[in-house]
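Student: Please take one part of this structure and go through it closely. I would like a single connected account, with the terms defined as they come up.

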Amino acid sequence: MDLAPVSIVLCLLAVCVCADKAKTCAEVRQFYSGKGFTLNGVPHSEISGEHLRVCPQGYTCCTSAMEETLSNLSRREFEGLVREAGRSIQASLNAQYRSFDTYFLELLNGSERWLEEAFVKALGTVYGPNAGVFRDLYSDLRRYYRGAALNLEEALDEFWTRLLERLLKASDPAAASLISDDFLECASKQTETLRPFGEAPRELKGRLVRVFITARTFVQGLNMAGEVVRKVSQVPLTPECNRAIMKLVYCPHCRGLGMVKPCANYCKNVMKGCLANQADLDTEWQNLVDTMLQVASSFGTEPSMDIILHSIPVRISEAVLHMQENMELYTSKVFQACGDRGEDGTQSSVPEEPKKKESTVTPLEYKPSSTAAVRLEVQVSDVSSKLKEMQLYWIQLPSALCNSKAASGSSNDDKCWNGMAKARYLPEIMGDGLANQINNPEVDIDITKPDRTIRQQIMQLKIMSNRLKNALEGNDVDFQDTSDDISGSGSGMCSEQHCGQGKTPVFGPKQGQAKLDAYGPENKKVKGSGRQIQPCISLILLLLISLLLRR
């Protein structure tokens, strides 16, 4: 028997094995040092990997200590990525809150200035002593908008009562000091029957209450949405997810495959498993966004928001005009109903034939400019587009985190890291949400134990959606005073420096998303040196086949 071919085969095997065992760990050492870790204990050449707990146990350049260090690093980086993605959403919500808040308060302040200018001109010196009544009204409106526990309808009723008292005293200055509190209380009780201000109070209340309820609930919805994102983004990584992230990101380095990207579908399964609880927010998050879009659209529905806010001076001027023109007729009826108005038995004189008096107030008329209409349209359009962009945030987040240098672009790539080697990833992609992870091959998840924090936030989304739906119907709801945190201090409305002003959100088909930091610039200096023994094996097989053919 000719032993020459066999000798050749044995020699080639020896060469391959020796070359394999002599593989250098220079790439891993440079990578590890680039991460800021000491090289003490880092092997210069590959060692046996039986000690590894997460990474595949083949020849490796990672010790147990290195594996643990990289595992902790992968956890910190992944949690940082999720928080950064959340901050981009918070920044968007914060920007929309500030934009709407500025616009709404400008309308309200403009309405107040217009009223003051018109009434100072019409009433002259009479307005000054009574200006507090109107200022208190606008103050109550601001407090309500800011979230104070204030009944808006009662506040409006209180305004009309105070205005009635001032106008009664102003109608007869000589007897003003003699009008008793009992008489004024009786007169206010006759308001519903006698309607001293005509229909203006009823018309103003109907429109004003609706627009303030929707505006207040809308900004609270923006605020609450940001708070949900903040809390959910801080949910820590589970141990099972930590193992999966480590295997995805840093195990390739331990195998000498540092320049090989993870397979796209492999990355998605890891992310879908790790973010399964977060994906369960999707249904209620979309419901919230849909309802907020409806509320935003209602701001431009006729009569639009700017027209309603500027109707406050209009309706008040109409009311004062009606009161002044019918003062004698009204007072005569009040005297009949309430009797003596004096504290010392001063009899009220009731004219036999009440006459209409000439009013000093000219009814106001608001004519919205084309600029005002365009600005409202832009305001509604802008907030609506931003809300639509983030509507699919929770189910797009896994793909967004993978859609970067952290994963291979092709799902059929056979030159990507599949968790075990440089080869194609075969398992199918899992669905979204916790229930769909029961067969996730990458992350071991107990689908019977959902995250408590995220379940609480799902409930908050449901509650806020119901409030918004009630607001669309003009119905106020009972909830705590939020006037101290509506501006965002300590809530979902984060400050610019913490929300990352101007950064691109990590969702949707956007570019420049946050990336897993396994392929930073420091890695580009070193070419991959993985354990590529396939050519050696192929040569051996060819030799064996030739031996068989020679026989």
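**A buried residue and the helix pair around it**

Tutor: I312 counts as buried, at 0% relative accessibility; buried is under 20% relative accessible area, exposed over 50% and partly exposed in between, with a 1.4 Å probe and protein chains only. The model is predicted, so local features need pLDDT of at least 70 and side-chain atom pairs pLDDT 80 or more, while totals for chains, interfaces and linings use all residues. Residues are numbered from 1 along each chain as its sequence is written, and side-chain values use heavy atoms, without hydrogens or water.

I312 sits in helix α14. Helices are DSSP runs (H or I, at least four residues), as are strands (E, at least two), numbered from the N terminus. Leaving aside residues up to four places away in sequence, I312 touches L108, S111, L137, Y138, L141, L204 and L208, contact meaning heavy atoms within 4.5 Å. L108 is 204 residues away along the chain, and its C-alpha atom is 9.4 Å from that of I312.

L108 and S111 are also among the residues of α3 that meet α14. The axes of α3 (residues 64-123) and α14 (residues 305-325) come within 8 Å and cross at roughly 25°, which makes the two helices roughly parallel. Axes are lines fitted to C-alpha atoms, for helices over the stretch in contact, with angles from 0 to 180 degrees between N-to-C directions; under 35 degrees is roughly parallel, over 145 roughly antiparallel, 65 to 115 roughly perpendicular and the rest oblique. On the α3 side the contact includes F100, F104, W114 and L123; on the α14 side it includes M305, L309, P313 and Q324. The residues of this contact divide into 16 nonpolar, 5 polar and 1 charged. Here Ala, Val, Leu, Ile, Met, Phe, Trp, Tyr, Cys and Pro are nonpolar, Asp, Glu, Lys and Arg charged, and the others, Gly among them, polar.

F100 and F104 also belong to a cluster linked by ring pairs, together with Y145, F212, F218 and F299. Rings of Phe, Tyr and Trp (its six-membered ring) pair if their centres lie within 6.5 Å; planes under 30 degrees apart are stacked, over 60 edge-to-face and the rest tilted.

As for the setting, the protein chain has 20 helices and 0 strands, and 48% of its 551 residues count as buried. Of its contacts with a separation of 6 or more, 82% come from residues 24 or more positions apart.
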